[in-house]
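This report is for a reader new to the structure shown here. Please look over the sequence and the model before reading on.

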Amino acid sequence: MRDSVNATLSLVYLARLREALGATSEHIDAPPGVTTVGALRGWLAARGGAWAIELAPGRAVRIAVNHDLADADTPVRPGDEVALFPPVTGG
Amino acid sequence: MPVRVQTEDFDVGRELAALRGDDRSVGAVAAFVGTVRDVNADVSVAAMTLEHYPGMTEKALASIIDDAKARWAIADALVIHRVGALRPADQIVLVGVTSAHRGDAFAACEFIIDYLKTRAPFWKKEETPDGARWVEARASDDDAAARWRAPPGPAE
């Protein structure tokens with residue numbers, strides 16, 4: 001049984017990155033082969049334009065999976081909430 | 001409640017009194033209060049807006065407090081962080097720690113704010129004479145958090 005919500009990734013964009021990308025959130029079908037945070041970042045960067053610029057290797061982007069800070073090797077699975085944001089500046 | 005994210009201001013005295021409660025084992029209360037400066041990187045700041053990532057913020061702050069409790073002999077800890085519109089001199093954040101002795105309270109308080117500044121999902125946007133700008137993360141904040149990763153010294 002395919003669950004239309006759980007088969008997708010929820011992507012969230014925050015702070016300066018949200019403004020630069022012109023996107024707050026979206027649901028995507030998990031692309032084949034995109035099973036890690038690093039692969040997802042590369043897949044999004046391949047959209048070109050602001051995506052390519054903001055998510056280019058070397059740009060400081062933090063990524064959280066299901067509300068935990070992740071690194072490039074962190075697995076991404078259907079149903080996950082993945083947030084992309086700049087380094088944090090609270091306190 | 002050890003973690004709160006809110007738009008309203010907070011009363012430091014009342015919050016610390018509530019944190020202590022009537023715990024007679026507490027001999028030390030350490031607190032850090034962060035406030036809004038009117039200048040950042042030589043540019044005047046008229047106002048700021050604080051954004052966060054609801055859901056992750058509370059989880060990250062609770063995790064930092066858990067880390068502090070695992071590392072030091074503290075009785076309790078509290079983090080209140082404001083979001084939304086703030087002006088110079090406004091209070092942004094309160095970290096409070098209670099302990100039997102001051103050493104653990106001071107260390108845990110500094111650890112919590114250092115980790116908050118590098119791991120809790122908050123972002124500041126400042127209003128300057130040249131328009132609004134997102135505050136850039138500082139390498140010095142990463143350095144401050146990194147020193148807590150050093151192995152415990154003989155003082156511990």
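## Basis

This is a predicted model, in which local features need pLDDT of at least 70 and side-chain atom pairs count only at pLDDT 80 or more, while totals for chains, interfaces and linings use all residues. Residues are numbered from 1 along each chain as its sequence is written, chains are lettered from A and ligands numbered from 1 in the order in which they are written, and side-chain values use heavy atoms, with hydrogens and water left out.

## The interface

Chain B places 25 residues in contact with 20 residues of chain A (contact means heavy atoms within 4.5 Å). The two chains bury about 1900 Å² between them, 59% of it on carbon and sulfur atoms; buried area is the accessible area (1.4 Å probe) that two parts lose on being put together, summed over both. B:Tyr53, B:Trp123 and B:Trp134 supply 34% of the area that chain B buries against chain A, more than any other three residues.

Across this interface, 14 residue pairs are in polar contact, both residues at pLDDT 80 or more. A polar contact is a pair of N or O atoms within 3.5 Å; within protein, one must be able to donate a hydrogen and the other to accept it, and residues adjacent in sequence count only if both atoms are side-chain atoms. On the side of chain B that touches chain A, helix 3 of chain B gives the most, with 5 residues. Helices (H or I, at least four residues) and strands (E, at least two) are DSSP runs, numbered from the N terminus.

## Salt bridges

The whole structure holds 13 salt bridges over all chains, each a side-chain nitrogen of Lys or Arg within 4 Å of a carboxyl oxygen of Asp or Glu. A:Asp68 and B:Lys59 form one of them (3.2 Å, N to O). A:Asp68 lies in strand 4 (residues 68–69) of chain A and B:Lys59 in helix 2 of chain B, so this pair joins two chains.

Across the interface of chain B and chain A there are 3 salt bridges. A:Arg18 and B:Glu51 also meet through their side chains in a salt bridge (2.6 Å, N to O).

## Residues around the largest pocket

Strand 2 (28–35), strand 3 (39–40), helix 3 and strand 9 of chain B each supply at least two residues of the lining of the largest pocket. Strand 2 of chain B gives the most, with 3 residues.
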